[in-house]
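This report covers model confidence, domain layout and helix packing. The sequence and structure are shown first.

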Amino acid sequence: MKNKQAEDIFRNFLRAGKNRITPERFEVLEAALEYEGHFGADDLYILMKNFKSRVSRATVYKTLELLAQCDLLSKRNFGDNINRFESSFKRQIHDHLICVDCGKIIEFADPRIKQLPEEISEDLGFNFESYSFNIFARCKDPKKCKQSRER
Ligand SMILES: [Zn+2]
Ligand SMILES: [Zn+2]
């Protein structure tokens, strides 16, 4: 198995929550961590089917939620009401800019954005937990905008 450390995190999480520990769940974990970029549950399910996996659609959906709960995946919503996931294992925290015309997603990390939610939480008398932040914009170059539709 490739991601021993991630597997240990997941196994401990499953055990702590009295969730069943099954080989299928670890199969989903591996596939999710290897997926490049952002994906919906169905994207991953179809990919796994193409690689002859016997994992069920329900297992993919359930396991992705569990992986998000233990922070191995980040759950994203880019304004179209589809839940997308991406690996957050050994990855830098980042935010997203989404082109509303072509759907292109650009990742960026800016320390100003990380700091602000913590400061606001403090000011309002809360302990900071997490935040979500998306920028919706339009490509300036219309040629590049239609070219790559990656979601
Ligand atoms: Zn991302
Ligand atoms: Zn665009």
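## Model and confidence

pLDDT is the predictor's confidence in each residue, on a scale from 0 to 100. The structure described here is a predicted model. Across the chain the mean pLDDT is 91, and 96% of the residues reach 70 or more.

The highest mean belongs to helix H4, at 97, while helix H6 (residues 142–147) has the lowest, at 81.

## Domains

The domain assignment divides the chain into domain 1, covering 4–87, and domain 2, covering 95–147. Taken over C-alpha atoms, the centres of domain 1 and domain 2 are separated by 24 Å.

Four residues from domain 1 and five residues from domain 2 make up the contact between them. On the domain 1 side, the residues touching domain 2 are one nonpolar, two polar and one charged.

## Packing of H1 and H2

Helix H1 spans residues 4–16 and helix H2 spans residues 23–34. Their axes come within 11 Å and cross at roughly 135 degrees. Angles from 65 to 115 degrees count as roughly perpendicular and those over 145 as roughly antiparallel, so the angle between H1 and H2 makes the pair oblique. H1 passes H2 in a right-handed crossing.

From H1, the contact takes Ala 6, Glu 7 and Phe 10; from H2, it takes Phe 26, Leu 29 and Leu 33. Sorted by class, the contact of H1 with H2 has five nonpolar residues, no polar residues and one charged residue.

## Packing of H2 and H4

H2 also packs against helix H4, which runs over residues 57–69. Here the axes are 9 Å apart and the angle is about 70 degrees. Because of that angle, H2 is roughly perpendicular to H4. The crossing of H2 and H4 is right-handed.

On the H2 side, the residues in this contact are Glu 24, Arg 25, Val 28, Leu 29 and Ala 32. They meet Thr 59, Val 60, Thr 63, Leu 64 and Leu 67 in H4. By class, the contact of H2 with H4 divides into six nonpolar, two polar and two charged residues.

## Leu 29 in both contacts

Leu 29 of H2 is listed in the contact with H1 and also in the contact with H4.

Technical notes: Residues are numbered from 1 along each chain as its sequence is written. Chains are lettered from A and ligands numbered from 1 in the order in which they are written. This is a predicted model: local features need pLDDT of at least 70, side-chain atom pairs count only at pLDDT 80 or more; totals for chains, interfaces and linings use all residues. Domain bounds come from an automatic or database domain assignment. Two residues are in contact if their C-beta atoms, placed from the backbone, lie within 7 Å. Ala, Val, Leu, Ile, Met, Phe, Trp, Tyr, Cys and Pro count as nonpolar, Asp, Glu, Lys and Arg as charged, and the others, Gly among them, as polar. Axes are lines fitted to C-alpha atoms, for helices over the stretch in contact, and angles run from 0 to 180 degrees between N-to-C directions. Helices (H or I, at least four residues) and strands (E, at least two) are DSSP runs, numbered from the N terminus. Angles under 35 degrees count as roughly parallel, over 145 as roughly antiparallel, 65 to 115 as roughly perpendicular and the rest as oblique. A crossing is left-handed if the near helix is turned anticlockwise from the far one by less than a right angle, and right-handed if clockwise.
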